[in-house]
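Subject: Structure handover

Hi,

Here is the structure for you to look over. My notes on it follow below.

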Amino acid sequence: MASQEQGVQLRAVGFCGVDDSVAPELLACVSARYPWVEWGVLLRQEKAGEPRFASQGWLQRLATVNQDDTMRLAAHLCSSHCEAVLAGDGSDLRRLHAEIGFRRFQINATKANNVDSAAVNAATCDRVRQVMLSLPEVEFIVQRNAETQELWKGLAQDPPSNMSFLFDDSVGRGVAAESWPSPDEGSPAFGYAGGLGPSNLADHLRRMAAPAAGRVVWVDMESSLRTKLANDVDIFDVNKAMDCILQALETARLPETESESSDPTSKKRKA
């Protein structure tokens with residue numbers, strides 16, 4: 001494990017966009033060896049089954065594989081899934097947590113994810129806050145960038161204990177950050193994303209140490225994990241994810257046990 005001087009302290013390394021091109025059983029094997037790895041599943045009904053977006057059948061297979069809750073899973077809510085939360089409906093999140101074992105839910109309230117963030121107002125923030133409070137056993141991630149400022153600023157006025165921020169100025173476009181922001185005083189838990197991947201993760205983990213200011217964070221990536229095969233099929237490349245895992249092991253401080261990798265608000269399902 002890396003020394004403190006080498007990089008930031010991480011609680012998770014997130015790989016988003018797992019889909020039908022990769023076996024859930026293979027992901028479970030990686031999780032068994034590296035419990036701080038988090039698999040991000042993009043939920044967008046109109047794209048289910050396309051590259052980056054898991055089909056319903058794949059999700060059912062994932063549920064079977066994760067019956068013992070050994071996998072760290074995050075659902076990234078897009079389109080109608082996100083809009084439901086903005087409207088104050090957390091019923092589907094409760095089901096996804098109970099049936100599949102998702103421990104975290106990321107609210108992707110951006111145009112790129114087919115959500116009109118311009119419609120967000122104070123009432124929206126109140127509804128989202130109530131959803132968060134109604135599901136204390138899971139953690140909610142809110143993207144913190146210019147496009148989502150109405151949402152994150154509104155929630156920050158009275159932040160639920162199970163809410164965290166994701167600094168991602170690329171808004172999911174995979175654009176590398178020139179610098180990483182420091183959290184505001186009293187900021188909720190937070191993570192970093194934007195252009196991270198096999199070609200640069202180690203360097204950015206070192207650069208995050210100072211702005212993170214001693215806080216334990218997580219990192220997330222998506223676009224850099226894709227590979228196009230000779231037949232032009234776009235797949236989630238678990239070899240690229242493994243490259244990032246090895247870089248994190250060399251560069252960052254990582255939790256030594258599964259319990260250390262989980263946020264106190266991010267619980268396994270009740271038996």
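Is aspartate 168 buried or exposed? Aspartate 168 is buried, at a relative accessible area of 4%. Buried means under 20% relative accessible area, exposed means over 50%, and partly exposed is in between (1.4 Å probe, protein chains only).

First, the ground rules. This is a predicted model, in which local features need pLDDT of at least 70 and side-chain atom pairs count only at pLDDT 80 or more, while totals for chains, interfaces and linings use all residues. Residues are numbered from 1 along each chain as its sequence is written, and side-chain values use heavy atoms, with hydrogens and water left out.

Loops

Back to aspartate 168. It sits in the loop between strand E6 (163-167) and strand E7 (189-193). Helices (H or I, at least four residues) and strands (E, at least two) are DSSP runs, numbered from the N terminus. Leaving aside residues up to four places away in sequence, aspartate 168 touches Gln143, Arg144, Asn145, Ala193 and Gly194. Contact means heavy atoms within 4.5 Å.

Alanine 146 is in the loop between strand E5 (139-144) and H6. Alanine 146 counts as exposed, with 63% relative accessibility.

Helix H2

Which residues of helix H2 (residues 56-65) are buried? They are Trp58, Leu59, Leu62 and Ala63. These residues cover an arc of only 145° around the axis, so they lie on the same side of H2. The arc is that of the directions from the helix axis to the C-beta atoms. Their packing partners are helix H1 (24-33), strand E2 (37-43), strand E3 (72-77) and helix H4 (91-99).

Helix pairs

Two packed helices are described by the angle between their axes and the distance between the axes. Axes are lines fitted to C-alpha atoms, for helices over the stretch in contact, and angles run from 0 to 180 degrees between N-to-C directions.

Take H5 (residues 122-134) and H6 (residues 149-156). They pack at an angle of about 60°, with axes 9 Å apart. H5 and H6 are therefore oblique to each other. The cut-offs: under 35 degrees is roughly parallel, over 145 roughly antiparallel, 65 to 115 roughly perpendicular, and the rest oblique. The crossing of H5 past H6 is right-handed. A crossing is right-handed if the near helix is turned clockwise from the far one by less than a right angle, and left-handed if anticlockwise. H5 contributes Cys125, Val128, Arg129 and Met132 to the contact, and H6 contributes Glu150, Leu151, Gly154 and Leu155. By class, that is 5 nonpolar, 1 polar and 2 charged residues. Ala, Val, Leu, Ile, Met, Phe, Trp, Tyr, Cys and Pro count as nonpolar, Asp, Glu, Lys and Arg as charged, and the others, Gly among them, as polar.

Now H7 (residues 201-212) and H8 (residues 238-251). Their axes come within 9 Å and cross at roughly 35°. This crossing is right-handed. Leu201, Ala202, Leu205 and Arg206 of H7 meet Cys244, Gln247, Ala248 and Thr251 of H8. The contact of H7 with H8 has 5 nonpolar, 2 polar and 1 charged.

Backbone

Most residues other than glycine have a negative phi. Serine 79 has a positive phi, near 50°. Serine 79 lies in helix H3 (residues 79-86) and is buried, at 5% relative accessible area. Alanine 213 also has a positive phi, near 55°. Alanine 213 lies in the loop between H7 and strand E8 (217-221) and is exposed, at 56%.

Best wishes
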